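Welcome, and please open your viewer. We will go through this structure one selection at a time, with a short note at each stop.

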Amino acid sequence: MLTLLTFPAAFGLFSASPFCVKTALMLQHSGQRWQRSDMLDPRKMPHQKLPVLRTPGRLVPDSDLIRDWLETQGADFDKGLSDVQKAQSRALIRMAEEHLYFQVVLDRWGNDEVWPILRDLFFTEIPALIRRPVSNSIRKSVLKGLGAQGVSRFSDMERKDRIERDLEAISAFLWQSPFLLGNHPTAADMSVGPVLASMRATPADTPLTRRIKQDNLLNSYVDRMEQAIPLA
Ligand SMILES: N[C@@H](CCC(=O)N[C@@H](CS)C(=O)NCC(=O)O)C(=O)O
């Protein structure tokens, strides 16, 4: 059986990580037999990140590489899509994973209200005595990474505008059909859905959580995705 090494469930989601949720959705959709194995510290993993898929032959890191592996086993996440739709799918996935995702990370790790919740969730394996200094230094390095990525250099208004344009692009697809590229979930939904769900689930009232919760189209899309491919 395949084993998905994943960050644990959090905020009512299968995992705090939208990449882990994406991979769980792909596994479920592929019809393969799989189980989850939770972990909090990915430093021994091939990319020092999660998700990772344990297959009979090797550990496969990265949700995109896991997708490739599942496709070699016969999965087809873009069944029935035209070449143009497949190209749109690729662009939607990159938008969600390489831009919106970092907005979620900033919304979580940069927010003093959310921080104590993250600290109690993610750092339970660190001995209580040193948990605060160690977790504070990890927080600092995550925030430094967001500076390097660039997302935290924008003002709140600029951030809001950048997010808005992406959400408008996603909504333009959802005005046409229940899922991004038709009547059934495809690979694009398995990336965009979990990122929007993460955005909504941050445990604080932020402009981002409110933005999704108050938007009928996006809010119902997140619910629809969760119902279309249920994760135990
Ligand atoms: N490109 C990777 C991204 C995975 C990723 O960023 N995982 C984050 C959690 S959402 C992680 O493991 N972070 C731990 C770390 O960077 O130390 C994928 O698609 O799987």
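This is a predicted model: local features need pLDDT of at least 70, side-chain atom pairs count only at pLDDT 80 or more; totals for chains, interfaces and linings use all residues.

Now widen the selection to strand β1, residues 2-6, together with β2. These two strands run parallel and are joined by five bridges.

Next, bring in the rest of the sheet. In what order do its four strands lie? Reading across, you will find β2-β1-β3-β4, an open sheet with mixed pairing. Colour β2 (34-38) and β4 (59-61) to pick out the edges: each has a single partner strand, so one side of each is left without a neighbour in the sheet. Turn the view and follow the twist, which averages 25° from one strand to the next.

**The helices on the sheet**

Select residues 18-30, helix α1. This helix packs on the sheet, where α1 touches β1, β2 and β3 (52-54). Compare directions, and you will see that α1 makes about 165° with β1. Then show α2, which also packs on the sheet. The strands that α2 touches are β1, β3 and β4, and its direction makes about 125° with that of β4.

**From α2 to α3**

Which residues meet here? Show side chains for Ser63, Asp64 and Arg67 in α2, and for Arg90, Ile93, Arg94 and Glu97 in α3. Coloured by class, this contact has five charged residues, one polar and one nonpolar.

**The loop between β2 and β3**

Move to Gln48, which lies in the loop between β2 and β3. Its phi is near 55°, a positive value in a residue other than glycine. Pro51 lies in the loop between β2 and β3 too. Zoom in on the peptide bond that joins Leu50 and Pro51: this bond is cis, with omega about 10°.

**The ligand**

Finally, select the ligand and the residues around it: Phe7, Ser17, Phe19, Gln48, Lys49, Leu50, Pro51, Asp62, Ser63 and Tyr101.

- Lys49: an N or O atom in its side chain is 3.3 Å from an oxygen atom of the ligand.
- Leu50: a polar backbone atom is 2.8 Å from a nitrogen atom of the ligand.
- Asp62: a polar side-chain atom lies 2.9 Å from a nitrogen atom of the ligand.

How much of the ligand does the protein bury? Taken alone the ligand exposes 510 Å², and the protein buries 72% of that.

Terms used
Residues are numbered from 1 along each chain as its sequence is written. Side-chain values use heavy atoms; hydrogens and water are left out. Contact means heavy atoms within 4.5 Å. Ala, Val, Leu, Ile, Met, Phe, Trp, Tyr, Cys and Pro count as nonpolar, Asp, Glu, Lys and Arg as charged, and the others, Gly among them, as polar. A residue is near a molecule or strand if one of its heavy atoms lies within 4 Å of it. A polar contact is a pair of N or O atoms within 3.5 Å; within protein, one must be able to donate a hydrogen and the other to accept it, and residues adjacent in sequence count only if both atoms are side-chain atoms. Accessible areas come from the Shrake-Rupley method with a 1.4 Å probe; for residues, only the protein chains shown count as cover. Two strands pair if DSSP finds at least two bridges between them. Axes are lines fitted to C-alpha atoms, for helices over the stretch in contact, and angles run from 0 to 180 degrees between N-to-C directions.
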